[in-house]
Amino acid sequence: HVQPTPRGGGLGIALVLAALGLGVWAGALDGVSARAGAALSLAFLLVGAVGLWDDLKALPRWPRLLAHGVAAVLVAWVAREDAPPAALAATAAGAALVVVGLAWSINLHNFMDGIDGLLATQCAFVLGASVLLMAPAPTLAQLLGIAGTAAVLGFLPFNFPRAQVFLGDVGSGPLGLLVGTVAVLAAGNARLPLAASLVLASAFVLDASLTLASRIVRGRRWYTRHREHLYQWLARSGRSHARVVAVYALWNLLVALPAAAAIPRIGAGAGWALAAALYAAGAATWIVAKRRLVRRPHRPQP
């Protein structure tokens with residue numbers, strides 16, 4: 001950016017999510033225990049706190065990862081309490097998978113917060129679409145999705161199309177935890193299949209995961225900061241931040257949303273097959289686009 005831009009604008013979002021947990025704790029939603037509300041509030045506060053610390057003064061990666069792991073465990077426990085015995089988090093292996101997935105969601109959203117408006121628009125899309133696609137009934141997943149969508153939309157005018165403030169780790173981390181939490185809770189209560197949630201989040205999951213895999217294969221220090229995501233290459237190719245955001249929005253609206261809307265209607269097996277096909281197509285698109293961008297000389301943004 002040409003001018004210094006403050007970070008930490010996501011503090012408001014983190015506080016909204018923590019306050020929502022306290023509201024659930026106080027009995028704002030029937031069927032959810034006070035312990036579950038307290039655990040959610042603590043999880044969002046923990047991720048937001050280490051994010052704020054990292055925004056103010058660089059924090060070593062291991063304390064951050066430990067905090068992310070504890071927050072993910074808390075959410076996995078809530079999912080186990082809130083869902084029927086057949087839910088993903090009901091078994092030890094399933095709970096471990098949920099913890100790993102939530103920790104990755106926190107970090108991948110942090111990785112993808114690098115240009116104006118990208119993370120905010122993506123989270124607004126994923127959370128808003130999840131709420132719309134859920135079976136109609138007041139649930140914890142819907143409450144979290146609605147609150148998260150509203151909080152992100154309130155922040156978006158200050159971050160897009162020209163950022164006056166950045167989310168920072170204090171905002172990206174809790175939003176990553178929220179996206180994963182909504183997906184896990186919605187799947188546990190049979191409100192939205194997990195395959196559909198993964199499809200809605202596919203733009204970020206593909207870019208972050210393939211970039212990480214590429215760095216590991218090439219022997220790079222995958223845990224250090226870098227500028228190798230597809231959205232970063234698109235920005236360095238001369239495209240404005242708004243145009244790059246539009247590329248991801250087109251994938252979301254024209255590919256991810258129709259596929260996610262179809263999955264609840266076609267059954268579990270066919271739904272997972274559709275999700276796998278979409279991810280395969282997305283991976284091929286990512287590889288082709290990345291190769292073309294790498295071969296082109298960098299141009300300054302207009």
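Modeller: The account below begins with the chain as a whole and then turns to the salt bridges.

This is a predicted model, in which local features need pLDDT of at least 70 and side-chain atom pairs count only at pLDDT 80 or more, while totals for chains, interfaces and linings use all residues. Residues are numbered from 1 along each chain as its sequence is written, and side-chain values use heavy atoms, with hydrogens and water left out.

The protein chain has 12 helices and 0 strands; these are DSSP runs numbered from the N terminus, with at least four residues of H or I for a helix and at least two of E for a strand. The chain has 302 residues, for which a compact globule would have a radius of gyration near 19 Å, and the value of 18 Å agrees with this. That radius is taken over C-alpha atoms, and the globule rule is 2.2 Å times the number of residues to the power 0.38. Along the principal axes, the C-alpha trace spans about 55 × 45 × 35 Å. Buried residues account for 50% of the 302, where buried means under 20% relative accessible area, exposed over 50%, and partly exposed in between (1.4 Å probe, protein chains only).

As for charge, the chain carries 24 positive and 10 negative charges, and their mean positions lie 14 Å apart. In this count Lys and Arg are positive and Asp and Glu negative, without His and the chain ends; each charge is placed at NZ of Lys, CZ of Arg, CG of Asp or CD of Glu.

Side chains of opposite charge can pair when their charged atoms come close. A search of the whole structure finds 3 salt bridges, each defined as a side-chain nitrogen of Lys or Arg within 4 Å of a carboxyl oxygen of Asp or Glu.

One of them joins the side chains of Asp-54 and Arg-64, at 3.8 Å from N to O. Asp-54 belongs to helix 2 (residues 34–56) and Arg-64 to helix 3 (residues 61–82), so this pair ties together parts that are 10 residues apart in sequence. Asp-54 counts as buried, at 5% relative accessibility.

Another salt bridge is formed by Arg-215 and Glu-228, whose closest N and O atoms are 2.9 Å apart. Because Arg-215 lies in helix 9 (residues 202–217) and Glu-228 in the loop between helix 9 and helix 10 (230–236), the pair ties together parts that are 13 residues apart in sequence. Arg-215 is buried at 4% relative accessibility, and Glu-228 is buried at 12%.

Glu-228 also forms a salt bridge with Arg-218, with 2.4 Å between the closest N and O atoms. Both Glu-228 and Arg-218 lie in the loop between helix 9 and helix 10, so the pair ties together parts that are 10 residues apart in sequence. Arg-218 counts as partly exposed, at 42% relative accessibility. Taken together, Arg-215, Arg-218 and Glu-228 are linked in a network of salt bridges, in which Glu-228 pairs with Arg-215 and with Arg-218.
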